[in-house]
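Let's take a walk through a protein model together. Keep the picture open beside you and look for each part as we come to it.

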Amino acid sequence: MRVLVVEDDLIVTDAITRSLSEHHYAVDAAEDGAIGWECVESATYDLILIDVGLPKLDGITLCQRIRDRGCGTPILLMTAKDDSIYRIRGLDSGADDYLAKPFDLGELQARVRALLRRGTVAASPVLTVGKLQLDPRACQVTYAEKLLPLTPKEYSLLELFLRHPSRVFSCGDIIEHLWTFDDPPQEESVKSHIKGLRQKLKAGGAANWIENVYGLGYRLREGIEANPEQSTQSYDSQLAQLWEQYRGLMEERFAVLHQAAHTSPLSIELREAAENAAHKLAGVLGMFNRDEGTQIARQLEKQFEEQAKLPAEEVRSAEAEISTKSLVRRLGDILNLSGPVETGESRLNSPEMRDSESKVLHNGRSKQSLRSWAVLAVDDDPIILATLKQLLEPWGMCLTGIDNPLQFWTVLSAINPDLLILDVEMPQMNGVALCQAIRANPTWQSLPIVFLTAHQDTATVQQIFAAGADDYVVKPIVGQELLSRLTQRLERLRLLQTLSTKDSITGLANQFYSSQAIEAQFHNHQTTSLAILYIPTLRQINIQQGHTVGNQILKQTGQCLQSSFCNGEILGYWRNGEFMIASSHTTKAMFQQQLSEVVAMLQQQRFETPNLIYRFAVVDYPTDGLTLRSLYQTASLCLEGSIHE
């Protein structure tokens, strides 16, 4: 389980972190409310611990902001102010529990376990599925009363699956829950831990309990029995509810087709309305297990489309009319309708149904969301939007749907989505043209775009990709296919975001990202000590002993810096053996002393190379320079002098 601790007292933070880490929790720490909010925005947590008296953004305000976002993660407030007013304010702000300082770490652990139990498969402190038991207090797992020797990460994996037995977790989800910002693994590492857990469960007698869901991820399978409440929330049940919810809209579309089939001559307006109704029915009926209805609707759409090519004075042939009427009659049987639907028409004339086509289907971040991906869907069919909402939100994708394309640019800027879903054909605006406009916009040109379309012809597909789309899914939507495609796009986006900010060897921020962070401190007029830690012999080591040894040195150096600088310092690796450290919390003299101790620690490590040398230089902003470039030049001159001494 992943926990966020927002506390400005470093002693308290260290004590809580150590205590939680001993029980296999992955812990991120934030020293003020503003940083805490950034963490909540950028990652998913199973529990959040917040101190009330925080700088920049107090704990109660932070709690309110988290709840206003729609996040349902359990929150435990901590404060030295043991006053009923603060307890009431804290609980009213959305906190789940309250703990007054000083507190016993054992009590803290008990409260953490109690909060994590809420909404999980087991109501008792021990998580039990069949003969499998996980005891969070003792951090032990048994099967048939036999102890299983799991590693800390294998234990955490199993706990995650046991607490969410009906959920499939992708590798990205698992990383979000079980690793901290400072220690992100590769996907292969996650698969290795999954393999190890499977082998130990199998050796203990629990074979094939971790299921691999093709294209999506992993879940716990064996021993889980769906209860009635879970069954009513299943996707199939939700689709049945959607069918009843939008039955009136289906009836209206069918009524248009019925009228067009029995009207001769057919006006241009009625023919266009019928073609549009058939197109929309073709796009949704298959989602409700009415595949034959989809095929019939497509045939009707094609027939009305062909009629548009006839000269205005030419009337439909008798054979064409019979064919159209026959198709409409078959479609009515599939919809359980026969002829004009008076009840449907009267219902559709009500204010509620008139509003259903035009309203914006907007939903904030789901309280059950286990991820922070924001998805924007643009489709003029509210049934599609409602179905997408039911399908995607259980997977932690927070969907905002708009059925009026004219609202697109306003909503786009407001929610800043991670992924966009577009329909091809919409009134007022064409989806392909909209995609082209997005790709021409510097702000949004890299936004992943997936199209939904009822068209399968080569020309439409070529238009979609030529406009800059990343992928397309044919209507009617197949849930697993759409989930797989969207998950792959979002996982790739997360990987690209990580690669764009972090150095892959050291795990530190790269030159571009760390430079921006340092310059932001300068813009805020913060006095900053800046250090270059340099390995002048790195190139020689790479030549003589190989890059494997050199990369190991870089990796361990990065880990040492991360463990030594835990007070909000900016750490970066600028390549060629240059590490950058920026601190606004200490004097230049104290910073130099701390770096001397770090270098001494690094020199004591066994890197199996005799010619490893570290050098460092410290400069101050604004004393030694007013720009990052000038400070870097000054520090580099100092380094050159120390190397030649």
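D423 is buried, with a relative accessible area of 3%; buried means under 20% relative accessible area, exposed over 50%, and partly exposed in between, using a 1.4 Å probe and protein chains only. This residue lies in strand β15. Helices (H or I, at least four residues) and strands (E, at least two) are DSSP runs, numbered from the N terminus. Leaving aside neighbours within four places in sequence, D423 is in contact with V378, D379, D380, G431, F451, L452, T453 and K475, where contact means heavy atoms within 4.5 Å.

A word on the model itself: it is predicted, so local features need pLDDT of at least 70 and side-chain atom pairs count only at pLDDT 80 or more, while totals for chains, interfaces and linings use all residues. Residues are numbered from 1 along each chain as its sequence is written, and side-chain values use heavy atoms, with hydrogens and water left out.

Now find helix α18, residues 408-415. Which of its residues are buried? They are F408, V411 and L412. Seen down the axis of α18, these fall within an arc of 105°, so they line one face of the helix; the arc is that of the directions from the helix axis to the C-beta atoms. An α-helix has 3.6 residues a turn, so residues three or four places apart point the same way. The face turned away from the buried side of α18 carries the exposed residues T410, S413 and A414. The buried residues of α18 pack against β13 (373-378), β14 (397-402), β15 (419-423) and α19 (431-439). After α18 comes N416, whose phi is positive, near 50°.

Next, the nonpolar cores. A nonpolar core is a set of buried Ala, Val, Leu, Ile, Met, Phe, Trp, Tyr and Cys residues joined through side-chain atoms within 4.5 Å. The largest has 50 residues, of which L257, L300, L331, L388, L392, I421 and L482 touch the most other members. Apart from it lies another core, of 47 residues, including L150 and L197.

Finally, turn to an open sheet of five strands, in the order β2-β1-β3-β4-β5, with parallel pairing. Two strands pair if DSSP finds at least two bridges between them. β2 (26-30) and β5 (97-100) stand at the edges, each with a single partner strand, so one side of each is left without a neighbour in the sheet. Strand β1 (residues 2-6) pairs with β2 in the parallel sense over five bridges, and R2 has A26 in β2 as its bridge partner.
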